[in-house]
Structure formats: C-alpha cells, structure tokens
Amino acid sequence: MKKGVSIILLLILLWGVVAALSEMPFGKAKLEVAGHYTDYGKEDTGAANIVTSVVLGYRGFDTLGEVTVLFLACIGLAVVLSTLKKQGCGARQTPSLILNTGFRFLFPLILLFGTYVFMHGHLSPGGGFQGGAVIASGFVLMYLSVPKIKRLNHFVSTLFESVGGLIFLVIGLIGLKLGSQYFLNNFLPNGEFNTLLSAGIIPVIYIAIGFKVGSELSKIIDVLLEESE
Amino acid sequence: MIIIVSVLIIIMLAAAVAACIFKDLLSATIASCMVSLIAAVLFFFLQAPDVAMAEASIGAALVTAVFVIAIRRTRRYEE
C-alpha cells in the first residue's frame with residue numbers, strides 16, 4: 001500500500017518535472033536580461049567588473065538580503081552559544097616556530113590583500129564578501145598562532161558590523177529620495193571608467209560590506225573558540 | 001590544459017570519497033578542505049575569479065576552522 005502510494009507520488013513528480021522542462025525552448029537563451037547586463041553594464045553602472053555591476057548595480061536589493069542573512073546568522077550563533085555551559089577541553093598545543101614566524105609575516109599582508117580586494121571590487125575580481133572572508137581567514141591564522149588567545153574586542157567588531165549595515169541602508173534610502181523611485185539608485189557621478197573613484201555608489205557600499213563581512217565572520221570564529229575554551 | 005584539469009578533477013573526486021569514508025573526523029575535514037581548494041582552482045580555470053576567491057577563503061579556510069573547533073569540542077573518531 002505504502003509502496004504503491006509512493007510510486008504514484010513519484011510518477012506525479014516526474015510528470016511535473018517533464019512538463020516544466022518541455023515548455024523551455026532547447027538551446028536558446030531563456031532570459032534577455034543576461035544579454036543586457038553584458039552589453040550595457042558598463043554604461044549603466046560604470047563598473048569595470050561585470051559581476052559587480054550585476055551584484056550591486058542591478059541586483060543591489062538582493063545583496064542587501066544576503067547581508068541581512070549573514071547578520072542574522074551571526075546573531076543567532078552568538079545567542080545559541082551564550083546559553084551553553086562552558087566546557088573544558090584538552091590543553092592547547094603550543095604553536096610551532098614556523099607558524100609563529102609565518103603569522104607575523106603573513107598577517108599584515110593578508111589584511112592588506114583583503115582591503116585591496118574590497119576596495120577594488122568594481123575594477124578587479126572580488127568584492128565586499130570576498131575581501132571580508134579573506135580578512136576573516138587572516139584572523140583564523142591569528143587564533144591558530146597566538147599562544148594565549150587575544151580576544152577580538154566585541155564592541156569594535158559590533159560597531160563595524162552595525163555601521164557597515166547602516167551605511168548600506170542609508171545610501172540606498174538617499175538614492176530612493178534623490179533619484180527615480182527605486183532603492184539603491186546610483187546618485188553619485190559615474191566618473192572616469194576604470195579608475196578607483198568611479199562607478200558612483202558601488203565602491204562606497206563595497207567598503208561598508210567589506211568591513212561588515214570581515215568583522216562578522218571573525219566574530220563567528222571568535223565566539224566559537226570562546227565557547228570551546 | 002585539459003590534462004591539468006582532468007588530474008585536478010580526479011584528485012578532487014578522490015578527496016571527496018576519502019572525506020566520506022574516513023573514520024578520523026580531522027582527516028575527513030582536511031580532505032573536504034582539499035575539495036574546496038581544488039574547486040577554487042577549477043573555478044579560476046573556468047574564468048570565474050570572483051567565485052574562486054570566495055570558495056578559497058570561505059570553503060577552504062573558514063569552514064575548515066569551524067569544523068576543527070567543533071571536533072575539538074566533541075570526539076575525534078567516528079564509531
């Protein structure tokens with residue numbers, strides 16, 4: 001009986017998939033927007049990196065959603081972990097000389113690279129999320145190598161998080177007020193193509209997102225480590 | 001070029017299978033980190049440097065760190 005019902009349900013599901021797929025023309029472009037993005041992205045947003053022109057120019061509102069999801073995940077993790085009791089774990093192994101020297105040499109370079117990635121998000125590959133993740137991986141290296149863990153200052157990381165998110169929202173609302181009636185309207189001049197100060201609001205938002213994502217991801221690692229001490 | 005890519009894909013598949021069958025969870029985590037790292041290289045070859053950068057920093061560094069911290073809190077060996 002059960003098997004018969006599940007086979008019937010599977011057949012219905014299969015029919016739905018086949019019916020949905022047979023409607024699509026095979027081998028043709030399904031969307032016309034993709035062509036528009038690659039053809040007019042440069043003129044519309046002024047960003048040399050087409051991915052950035054889609055992520056922050058045409059689809060800026062979706063990016064706001066992503067940033068919100070990350071923010072909620074960070075808050076949720078901190079709340080859930082703060083209810084747990086602190087358990088003792090095994091003793092920490094002292095980091096080796098190679099790790100310590102490598103940390104001292106690499107840590108500033110990793111931070112510099114992360115900053116470069118999110119500041120040049122509209123010119124070269126990368127952007128706020130990637131730059132923030134690179135910065136957070138630098139902090140992971142710090143937690144591995146420093147023998148007595150130095151804690152991140154939670155006030156400072158929360159400040160960067162909140163200010164980054166607020167800058168994103170405020171710039172979006174200013175665009176809504178000044179320009180035509182849509183959120184995240186590009187109200188700054190596009191400037192000269194392929195220079196650092198170009199593409200209007202995109203570099204400003206990416207710098208805000210870079211700080212926000214970097215401090216959020218490092219805070220997640222920090223909270224997890226704090227609980228495992 | 002195609003030889004390099006095929007060798008990378010074979011190593012990646014081997015690492016993925018290894019991550020599934022290892023009983024030592026720390027080794028499994030390192031194997032899954034290897035999958036992410038090779039995936040980042042492959043994304044770069046497929047001309048998607050944005051995705052490659054995100055995959056390398058999040059998949060290879062941060063997720064591995066989270067798993068290692070979780071293993072440190074619980075047990076290292078699967079029964």
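## Contact between chains A and B

The contact draws 19 residues from chain A and 13 residues from chain B. On the side of chain A that touches chain B, α6 (128-145) and α8 (202-227) of chain A each provide at least two residues. The largest share of that side, seven residues, belongs to α6(A). By residue class, the side of chain A that touches chain B comprises 13 nonpolar and six polar residues, with no charged residues. These descriptions refer to a predicted model.

## Helix α4 of chain A

Helix α4 of chain A covers residues 60-83, which amounts to 24 residues.

## Architecture of chain B

Chain B contains three helices and zero strands. Read from the N terminus, the order of its elements is α-α-α. The C-alpha trace of chain B extends over about 40 × 25 × 10 Å along its principal axes.

Chain B has 79 residues, of which 24% are buried. Among the contacts in chain B with a separation of 6 or more, 49% are between residues 24 or more positions apart.

Definitions and conventions. Residues numbered from 1 in each chain as written. Chains lettered and ligands numbered in written order. Predicted model: local features only at pLDDT ≥ 70, side-chain atom pairs only at ≥ 80, totals over all residues. Helix = DSSP H or I, 4+ residues; strand = E, 2+ residues; numbered from the N terminus. Expected span 1.5 Å × (residues − 1). Contact = placed C-beta atoms within 7 Å. Nonpolar A, V, L, I, M, F, W, Y, C, P; charged D, E, K, R; others polar. Buried ≥ 20, exposed ≤ 12 C-beta atoms within 10 Å, placed from the backbone.
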